[in-house]
Amino acid sequence: MSLVSVNNLLNLGLGIGTDYVPDGEIVINQITTAIEAGYCHIDNADCYYNQAGVGTAIKNCIDRGIVKREELFVTSKVPDWKQGYDSAIKCCKESLRVMGLDYFDLYLIHSPNRPCEDWQKGVLDTQRALETLYREGLVKAIGVSNFALRHLEFILREAEIKPMVNQIEFHAQHQQKAVVEFCKNHNIQVIGWGTLNQGRMFESDIFNSLAQKYNKDIAQIAIKYSLQKDVVPLARSIKKERIISNFNVNDFTISDNDMMLLDKLDGKGFSQRACDEYCKPIKMVPANSQEYTPLKYKRTFKLFNLIPFLTEKKYRWNKTKWFLFGLIPLLKITKKDL
Ligand SMILES: NC(=O)c1ccc[n+]([C@@H]2O[C@H](COP(=O)([O-])OP(=O)(O)OC[C@H]3O[C@@H](n4cnc5c(N)ncnc54)[C@H](OP(=O)(O)O)[C@@H]3O)[C@@H](O)[C@H]2O)c1
């Protein structure tokens, strides 16, 4: 029986983020270091393209007796382009196969549908798939990610099994107070991504001065801030010393006054995207020198998203298909005009 669940997720502390971490040796080392350091919560997704490596690291750690499967809390997500009943079920089963797991502790709808025509249908069909996976025991909990108030209201109205989690961007510089409040009132655990504002937090004077005051580093202050707000933090690092230090935040508490100081940073930092901006065109993100190549690649990829021949090989056929479909109405109009 699983020893971890959404109900005690906050007690597990920081979860390790795996987005932008290249598959293979790098992600295997990252997850192995994290598990050895005591992390139990591993956040992954179909679209991080490193599931095989994450699965290998988990299996190695279990085989070496460092951890038991039931002590780990592993999350995966179905991306918006795999929304729909059959495709979501297929996606989950394929992720389990690639990772060598029997079940996920949490399975999420990664975001409301994009592009936004009829997002309700995509979300609802996917929700039904998650409910089936939950009933079959392939996922121990289900939830959503990047859902704003209107998406949450919709899903709560329609769901047979309510989402147990909403994973959203959350940190002092982007607090999404209304969404967090709504989730608390509806017994939905908030998991916060971008806890370190993807590296941008390190420029803040207030974070700097609090780090000095508490004799901690900025990342530890940011992680503790989330925990004291009852939001489960996720942070990503591929550096051994950072993976370890990020996890060790149990020996201090940020005072109420200092929490209020951090509260005032809301909206002051750069945020990749607010929940409510889903179903709108994505904002481009300025390049950040701290990020490694896959991130830059992903951003470039967004630019060329609409040009099928320039996209990554695995997307090329899908993009080309939609591109050709798009031509049909154009050809009809031209024919009529002639
Ligand atoms: N549901 C969603 O839509 C969604 C969206 C985004 C992210 N997420 C999840 O949330 C996780 C975390 O968010 P994120 O990856 O966007 O960014 P993040 O954790 O806020 O920031 C990661 C950046 O901070 C650096 N860093 C980590 N620890 C540090 C430390 N102690 N000192 C200095 N720099 C440090 C990392 O660099 P180094 O690697 O060099 O240390 C990396 O550049 C993701 O990996 C993913 O699992 C979910």
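A polar contact here is a pair of N or O atoms within 3.5 Å; within protein, one must be able to donate a hydrogen and the other to accept it, and residues adjacent in sequence count only if both atoms are side-chain atoms. What you're looking at is a predicted model, where local features need pLDDT of at least 70, side-chain atom pairs count only at pLDDT 80 or more, and totals for chains, interfaces and linings use all residues. Residues are numbered from 1 along each chain as its sequence is written, and side-chain values use heavy atoms, with hydrogens and water left out.

View 1. A backbone N or O atom of Asp 19 sits 3.0 Å from an oxygen atom of the ligand. Thr 18 also puts a polar backbone atom 3.1 Å from a ligand oxygen, and for Asn 197 the corresponding distance is 3.4 Å. On its own the ligand exposes 900 Å², and the protein buries 96% of that (areas by the Shrake-Rupley method with a 1.4 Å probe; for residues, only the protein chains shown count as cover).

**View 2. The shell around the ligand.** There are 29 residues around the ligand, and Asp 43, Gln 198, Arg 236, Ser 237 and Lys 239 come nearest (a residue is near if one of its heavy atoms lies within 4 Å). By class, the shell has 9 nonpolar, 13 polar and 7 charged residues. Ala, Val, Leu, Ile, Met, Phe, Trp, Tyr, Cys and Pro count as nonpolar, Asp, Glu, Lys and Arg as charged, and the others, Gly among them, as polar.

**View 3. Phe 104 and Tyr 107.** The ring centres of Phe 104 and Tyr 107 are 5.7 Å apart with planes at 10 degrees, so this pair is stacked. Rings of Phe, Tyr and Trp (its six-membered ring) pair if their centres lie within 6.5 Å; planes under 30 degrees apart count as stacked, over 60 as edge-to-face and the rest as tilted. Phe 104 is buried at a relative accessible area of 0%, and Tyr 107 is buried at 0% too (buried is under 20%, exposed over 50%, partly exposed in between; 1.4 Å probe, protein chains only).

**View 4. Phe 170 and Tyr 225.** Here the ring centres lie 6.2 Å apart and the planes meet at 15 degrees, so Phe 170 and Tyr 225 are stacked. Phe 170 is in the loop between strand E6 (165-169) and helix H6 (177-185), while Tyr 225 is in helix H8 (residues 218-228), so the pair ties together parts 55 residues apart in sequence. Helices (H or I, at least four residues) and strands (E, at least two) are DSSP runs, numbered from the N terminus. Both Phe 170 and Tyr 225 are buried.
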